[in-house]
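Student: I have a structure to read. Please show me how to go through its features.

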Amino acid sequence: MTGKQKKEKKNCFLRKLRLAAGGLVILAFLWTEGCGSMDKEMKDSETKMEAGQPAETRITQEEIRALSEASLKLFQETLKQMGKEDENILISQSSILTALGMTENGAGSETLAAMEQVLSGGMKAERLNEILYTLQKRMRESKEVEFRIADSVWVRSGCVELQEAFIEDVKKYYNADVFRSPFDQTTVDDMNRWVKKNTNQMIPSIIEEIPTTAAIYLMNAIAFEGDWEEPYEKEEIDTDGRFCNGAGETETGTMLHSQETAYFQLNGGAGFLKYYKGREYAFAGILPPEGMSALEYVADLKPEDHDFAEAVRNAREEEVFVTMPEFSFEDAAELQEVLEALGMGVALQEGADFSAMVTEDSDPVWIERVIHKTYIEVNRRGTKAAAVTSVEMEAGGAMEEPLVLTFDRPYVFAIVESETGLPIFMGCVNRIAE
């Protein structure tokens, strides 16, 4: 089929189509009791490390599968705990893994083993450091899309002391800055400015106040902005489209029509990829089987059998006509119950072993809360997304007919790295009206 014929076929399809119906920051809070009064003035003691950066590592298929499985379990359990059948939801596995990956460097004994199992299927913390460093390096070096990634550790002045080996690890693998401050309102303002800056203004803040028992915050910020490799043309944009939301109600919004060439299936769901410029990253959309909600579809996936990353990597070249909505939303959740259900409970209770993080003369710490914030905007030009996580711790082939995917009902989506297929962001669109 010639290029002219393909275009005529595409235009014919669009004319006939009638719609009936879319981390930023990871903060780890370490809490302690008996820290005494807060200093009255901010002491900005940013600490730098000049040690050489590690080399990029080769990530094996087995390691990709382990991270894919862990990412899917995290998404499933989050949806289960939040139970937002009719609402949009978004998490950034990359952001959460980075925050907890940094935290994992301070864990020992059973606490470390539990975190390794939940975060990466039993992969050693040292190896997860190397893999996350490599994936972040690829993001930072992307030429056609923009990633902004930043990491930092904030320590309350005169409270706990960090182990030198822990500081070296978070600097070496995560390029984290270390700040020592009094944890007063000035520190709150500084942290929120840091969050806003490193999410390209998409997430303006992470905290309103610092509890008197807070001792340490570990933060990772990730923001993504990418333009489509093939932008939508005027005739492919329907500003009066219809979308049947998760509550069964019809919403009006802008629907985007396109002809894509990457198609995959996963447990009965039909998926496509739309690439961003450079093709290093892509938007993946998965339409659940008819009669199944997005939440039901995700819950039905078996991580050990349904490899999300593999399905994305092995998307076949096949013509598929796609209709999907423009959408934007923000989301927030607390993840401590999610992590406990996944098997990380030992890190979330008194007696957790984070002795590799704080010195012997510091009070012991454990994870108290994990807060996650996200933002995404998908439109005719491309995508913007950001995420925040706060880990709070206390002491003590050819077709006869073209494929057609119409995303006019709730569906699952992700922003993925093309080479590995691993999700950077993953969510569900249950409604498109703002």
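This is a predicted model: local features need pLDDT of at least 70, side-chain atom pairs count only at pLDDT 80 or more; totals for chains, interfaces and linings use all residues.

Student: How does one find empty space in a protein?

Tutor: Rolling a probe the size of a water molecule over the atoms shows where empty space is left. Here the largest cavity holds about 180 Å³ of space. It has 16 lining residues, and Ser 94, Leu 135, Met 139, Leu 422 and Pro 423 are the closest to its centre.

Student: Which elements each supply at least two residues of that lining?

Tutor: Helix 2 (61-82), helix 3 (93-104), helix 5 (125-140) and strand 16 (423-429). By class, the lining of the largest cavity has nine nonpolar residues, six polar and one charged.

Student: What about the second largest pocket? How much space lies in it?

Tutor: About 190 Å³. Its lining has 12 residues, with Ala 150, Asp 151, Asp 177, Trp 194 and Asn 198 nearest the centre. Strand 3 (146-156), strand 4 (177-181) and helix 7 (185-198) give two or more residues each. Sort the lining of this pocket by class, and you get five nonpolar, two polar and five charged residues.

Student: Now the helices. At what angle do the axes of helix 2 and helix 3 cross?

Tutor: At roughly 105°, and the axes come within 11 Å. Angles of 65 to 115 degrees count as roughly perpendicular. Helix 2 and helix 3 are therefore roughly perpendicular to each other.

Student: Which residues meet where helix 2 and helix 3 touch?

Tutor: Helix 2 brings Leu 67, Ser 71, Leu 74 and Phe 75, and helix 3 brings Gln 93, Ile 96 and Leu 97. This contact has five nonpolar residues, two polar and no charged ones.

Student: Next, the loops. Is Asp 408 buried or exposed?

Tutor: Look at relative accessibility; buried means under 20%. Asp 408 is at 16%, so it counts as buried. The residue sits in the loop between strand 14 (403-406) and strand 15 (411-417). Asp 408 and Ile 432 are 24 residues apart in sequence, and their C-alpha atoms are 9.8 Å apart in space.

Student: Where is Gln 201, and what is its phi?

Tutor: Gln 201 lies in the loop between helix 7 and strand 5 (214-227). Its phi is near 75°, a positive value in a residue other than glycine. At 52% relative accessibility, Gln 201 counts as exposed.

Student: And what is the phi of Asn 267?

Tutor: About 50°, again positive, although Asn 267 is not a glycine. It lies in the loop between strand 7 (250-266) and strand 8 (269-275). With 29% relative accessibility, Asn 267 counts as partly exposed.

Note on methods: Residues are numbered from 1 along each chain as its sequence is written. Side-chain values use heavy atoms; hydrogens and water are left out. On a 1 Å grid over the protein atoms alone, a cavity is a set of points where a 1.4 Å probe fits but cannot get out, and a pocket is an open set with protein on both sides within 12 Å along at least five of seven lines; lining residues have an atom within 4 Å of a point. Grid points are joined across faces, edges and corners, and a volume is the space filled by probe spheres set on the points. Helices (H or I, at least four residues) and strands (E, at least two) are DSSP runs, numbered from the N terminus. Ala, Val, Leu, Ile, Met, Phe, Trp, Tyr, Cys and Pro count as nonpolar, Asp, Glu, Lys and Arg as charged, and the others, Gly among them, as polar. Buried means under 20% relative accessible area, exposed over 50%, partly exposed in between (1.4 Å probe, protein chains only). Axes are lines fitted to C-alpha atoms, for helices over the stretch in contact, and angles run from 0 to 180 degrees between N-to-C directions. Angles under 35 degrees count as roughly parallel, over 145 as roughly antiparallel, 65 to 115 as roughly perpendicular and the rest as oblique. Contact means heavy atoms within 4.5 Å.
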